[in-house]
Amino acid sequence: MSTLPRPGPHQAVYVISVAAELAGMHPQTLRIYERRGLVDPARTTGGNRRYSEADIALLLRIARLTEEGLNLAGVKRVLDLELRVAELELEIARRDTAASA
């Protein structure tokens, strides 16, 4: 019997109800997070949301931040800053690689 390959971390395969269950949230919470710009699920041609493993990890990160007392605006700011730090670290790594070549 052959097994299906697991989807990649960015392959959007989960419908909203499954994503909500995996993240321990209500589906309406995911819709709110999308409206607030915290998560951006893929859409099918019919307009249905599809979430990836990376989206689920992000939802869990949002949950941790809200449990620590941040409101959604604070969560958005933290996520934006974390993304910027990652971008800058990548840029520094590229410069270091180029300088040593």
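This is a predicted model: local features need pLDDT of at least 70, side-chain atom pairs count only at pLDDT 80 or more; totals for chains, interfaces and linings use all residues.
**Stop 1: the α1/α3 pair.** Select residues 16-23, helix α1, together with residues 53-67, helix α3. The two pack with their axes 9 Å apart and at an angle of about 45°; α1 and α3 are therefore oblique to each other. The crossing of α1 past α3 is right-handed.

Now show side chains at the contact. On the α1 side, pick Ala19, Leu22 and Ala23; on the α3 side, Ile56, Leu59 and Leu60, which they meet. By class, this contact holds six nonpolar residues, with no polar and no charged ones.

**Stop 2: the core.** Next select Met25, Leu30, Tyr33, Leu38, Tyr51 and Leu59. Within the largest nonpolar core, which has 19 residues, these touch the most other members. Helices α1, α2, α3 and α4 (72-100) each supply at least two residues of this core. The largest share comes from α3, with five residues.

**Stop 3: tyrosine 51.** Keep Tyr51 selected and display its surroundings, leaving aside neighbours within four places in sequence. Tyrosine 51 is in contact with Gln11, Ala12, Val13, Tyr14, Val15 and Ile16, as well as with Ala19, Leu30, Val39, Pro41, Ile56 and Leu59.

**Stop 4: glutamate 34.** Move to helix α2, residues 27-35, and select glutamate 34. Is this residue buried or exposed? Its relative accessible area is 18%, and because the cut-off for buried is under 20%, glutamate 34 counts as buried. Beyond its neighbours within four places in sequence, glutamate 34 is in contact with Val39, Pro41, Arg43 and Arg49.

Terms used. Residues are numbered from 1 along each chain as its sequence is written. Side-chain values use heavy atoms; hydrogens and water are left out. Axes are lines fitted to C-alpha atoms, for helices over the stretch in contact, and angles run from 0 to 180 degrees between N-to-C directions. Helices (H or I, at least four residues) and strands (E, at least two) are DSSP runs, numbered from the N terminus. Angles under 35 degrees count as roughly parallel, over 145 as roughly antiparallel, 65 to 115 as roughly perpendicular and the rest as oblique. A crossing is left-handed if the near helix is turned anticlockwise from the far one by less than a right angle, and right-handed if clockwise. Contact means heavy atoms within 4.5 Å. Ala, Val, Leu, Ile, Met, Phe, Trp, Tyr, Cys and Pro count as nonpolar, Asp, Glu, Lys and Arg as charged, and the others, Gly among them, as polar. Buried means under 20% relative accessible area, exposed over 50%, partly exposed in between (1.4 Å probe, protein chains only). A nonpolar core is a set of buried Ala, Val, Leu, Ile, Met, Phe, Trp, Tyr and Cys residues joined through side-chain atoms within 4.5 Å.
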